[in-house]
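Please look over the sequence and the three-dimensional model shown here before reading on. The report that follows takes the chains in turn and then turns to what they share.

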Amino acid sequence: MISVDSLTKRYGAQVAVSDVSFSCPPGTVTGFLGPNGAGKSTTLRALCGLTTPTSGSAVVGGRRFRDLPNAGRTVGVLLDAGAQHAGRTGRESLRLSAAVLGVPRTRVDEVLEQVGLAGRPADKRLRQYSLGMRQRLGLATALLGDPQVLVLDEPANGLDPEGIFWMRGLLRGFADRGGTVLLSSHLLREVEAVADQLVVIAGGRIVAAGTTQELLAGSGTLVRARDRAALAAALAAAGIAVGGGSGDALVTDATADAVGEAAAAAGVVLRELRPAGGEGLEELFRSLTAGSPAGTVPAAQQVQEARA
Amino acid sequence: MTTTTLPATPDRRAAAEPAAPSLATLTRVELRKSYDTRAGFWLLVVIGLASLAVVLLQLFFDDGPNRTFAGYFATTQLPVGVLLPVLGILLVTSEWSQRTAMTTFTLVPVRSRVLTAKVLAASVLAVLGVAAASVAAALGTLLTPLFTENAADWSLSAAQVGQVVIVQVITVLVGVAFGMLLLSSPLAIVLYFVLPTVVTILVNAVGALDWVRDWLDLTSTTVPMYEGALDGQGWLQVGTSVALWGALPMVAGWLRIERSEIG
C-alpha cells in the first residue's frame, strides 16, 4: 500500500535522505526506526506531500499523496502532535478536519471516544493539553476519515506506559483489519512489540530492513556460567569459537546443544543458555543512536558518507 | 523485506472513493477558523463595537452635514478597514505560527485550493464587515432626528455601496497577501501598518513623489471610494496601486507556499 522507491532529498549540499526504498503491505505494521536526525521525518514528509523529493518517489496505493482526491479518507497522518491551534478545543479541531473530510459530526465523538478524550478533555483548549493528550488528539485526527493507511511520526512521544500499551493495541487492531501502518520511532523497544517489519535508517540511508522476527532473532547462542574462565576453556576444548558477549556472558555461533554438551563434558555449571536473540539489531541500533556530533562511532561514518 | 504483491485495490475503491472537498466547503472551513479562536472572535466583536462607536461619536460631536446614512456609512468603514485586514493576515499566518499548516496541507495536499479558499473567505469577511458597518450606520441614522436638529437622510448611491465593498475586499486581501508573503503574524501585522503609512507620509512630504502618491499609494488612491466618487483615471490608479500592494506580494507569497516545505 505504501511504497517508497529510491527516495532522495537534498538540502543544498546536505543529503537528508539518500536512496531510501521500502514498502508497507496492507495488514502490517512497519516500524521506521532511526536516531533523531536520521531522515525519518523527511521521508514521512515526502510521503505526505509536504516536501518534494529531489529524486525518487513515495506513493500510497500507487498514487502520489497530492493525487489523492480526499487524502485524509485514504491516509491518516500524524506527523507532529504540536500541529494544532493552541486556542481551539480538541473537539473544535476535529470538527474543522471533519468538515474538510466530509465525514459526519458524529464521527468526531466516535474518535474522541476511541482515543480516550471524550468528555471534559474534548472541550478544553489545546494549550491546556499535555503532550500525551495532543498525541491522542493527533491520532484521533488521523483516524477521523476512516483511512486504510496510517502514517505516524513518533506517536508514542509523551505517552505514558499505559498509553503506549493502548496505542499498540489500537495499531495492531487497525492492521489486523487490513490496514497499513507506518510508524517511526527512535526507540527500538517502543515498536518491536507491535511491528511486523522494521526499517532502520541512519544518516539518511537504510541500514537494516526485514521482518521483526528475522531482525530480532539474531544468530548464535548466549551462555553464562558461574565460572567464566572454566566455561571459556570448556568451549575452547570442544572447538567452539567464542564471538564475544557482554559482562560474564559468552556468545558463540554454535547451537545451544553443542554448548550444553561441551559444558557438561567439562563439568561447568551453567547459569544461562539461550539463543542470542536480538543482540545484533540492538547492538547496531545502539551504535547508531549513540552517534555523537563529534563522530567517533561507526554510525558517523555513514552520516559523513551521506553528506559527502 | 516482505514484498507481498496484493492485487491493486482501485477497482474496489474507485466507485466508493470519497470526492475532494469542494471549494465552498473549504471556504466555510476557513471562515470558521477566523472566528473559532479567542483572538478571531474578539477581533470581530471589536470591529462591531468600533463601528458603533464611530457612529455615536459622529452623531454627538460632528456638527457638519455628514449626519446622514451615507455619511455614517463612509465613517464606519474606517474601523472595518483597519481591523479586518488583521483577520486576513491571521487567516494565513496562524497556520504557520500555530503550526496547523501541517494538518491543513496533509488533509488538502493541493495547496492552491487552500489558498483560494482563504482568499474567498477573506472576501466574504469583507462583505460581512461592510454589512455590519451599515447596520451601525442605520442605527446612527435612526437616532439622528432624536438627538440633533437634522432629519433622517437615508439616501445612498449604488456607486458608494459598490465601491465601498470593493475597497474593503481589496483592503482585506492586501492583508492576506502580506500574510502569505511573510508567514509570520507579528511581522506581517507590523509591516502591513507601517509600510503604507511611511509611504503615505513620504509621498505627501516630498513634492517630487507626487506621481507615486497618485499611482502607487493605495491609501491615497482609494480615498474617493469611500464616498463612491472614483472616476475613470481613479480606477486605473487604484489598479496600479493594488498591483503593487496586493497582487505582487500575493503572487510571490503564493509561489513561496506552493514550493516550500511544510513543517
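How many helices and strands does chain A have? Chain A has 12 helices and 14 strands, where helices (H or I, at least four residues) and strands (E, at least two) are DSSP runs, numbered from the N terminus.

## How to read the model

This is a predicted model, in which local features need pLDDT of at least 70 and side-chain atom pairs count only at pLDDT 80 or more, while totals for chains, interfaces and linings use all residues. Residues are numbered from 1 along each chain as its sequence is written, and chains are lettered from A and ligands numbered from 1 in the order in which they are written.

The C-alpha atoms of chain A fill a box of roughly 75 × 45 × 35 Å along the principal axes. Of its 308 residues, 49% count as buried; a residue is buried if 20 or more other C-beta atoms lie within 10 Å of its own, exposed if 12 or fewer, and partly exposed in between, with C-beta atoms placed from the backbone. Among the contacts in chain A with a separation of 6 or more, 69% are between residues 24 or more positions apart, a contact being two residues whose C-beta atoms, placed from the backbone, lie within 7 Å.

Four strands of chain A form an open sheet in the order S2-S1-S4-S5, with antiparallel pairing; two strands pair if DSSP finds at least two bridges between them. Strand S2 (14-24) and strand S5 (63-64) of chain A each have a single partner strand, so one side of each is left without a neighbour in the sheet. Strand S4 (residues 55-60) of chain A is joined to S5(A) by two bridges, and A:Val59 has A:Arg64 as its bridge partner in S5(A). Helix H1 (residues 40-47) of chain A lies across S1 (2-11), S2 and S4 of chain A, running at about 115° to S1(A); axes are lines fitted to C-alpha atoms, for helices over the stretch in contact, and angles run from 0 to 180 degrees between N-to-C directions.

Chain B has 11 helices and zero strands, and its C-alpha trace spans about 85 × 45 × 35 Å along its principal axes. Of the 263 residues of chain B, 41% count as buried.

Helix H4 (residues 69-97) of chain B has 29 residues and should span 42 Å at 1.5 Å a residue, which agrees with the 41 Å between its end C-alpha atoms; the expected span is 1.5 Å times one less than the number of residues. H4(B) bends by about 35° at B:Leu91, the bend being the angle between axes fitted to the seven residues ending there and the seven starting there. Because 22 of the 29 residues of H4(B) are buried, this helix is largely enclosed by the rest of the structure. After H4(B) comes B:Arg99, whose phi is positive, near 65°.

## Where the chains meet

In this model, 37 residues of chain B are in contact with 40 residues of chain A. On the side of chain B that touches chain A, helix H2 (23-35), helix H3 (38-61) and helix H5 (101-107) of chain B each supply at least two residues, and the largest share, six residues, comes from H2(B).

## The nonpolar cores

A nonpolar core is a set of buried Ala, Val, Leu, Ile, Met, Phe, Trp, Tyr and Cys residues joined through C-beta atoms within 7 Å. Of the 138 residues in the largest one, A:Val151 and B:Val176 touch the most other members, and helix H7 (residues 158-182) of chain B gives the largest share, 13 residues.
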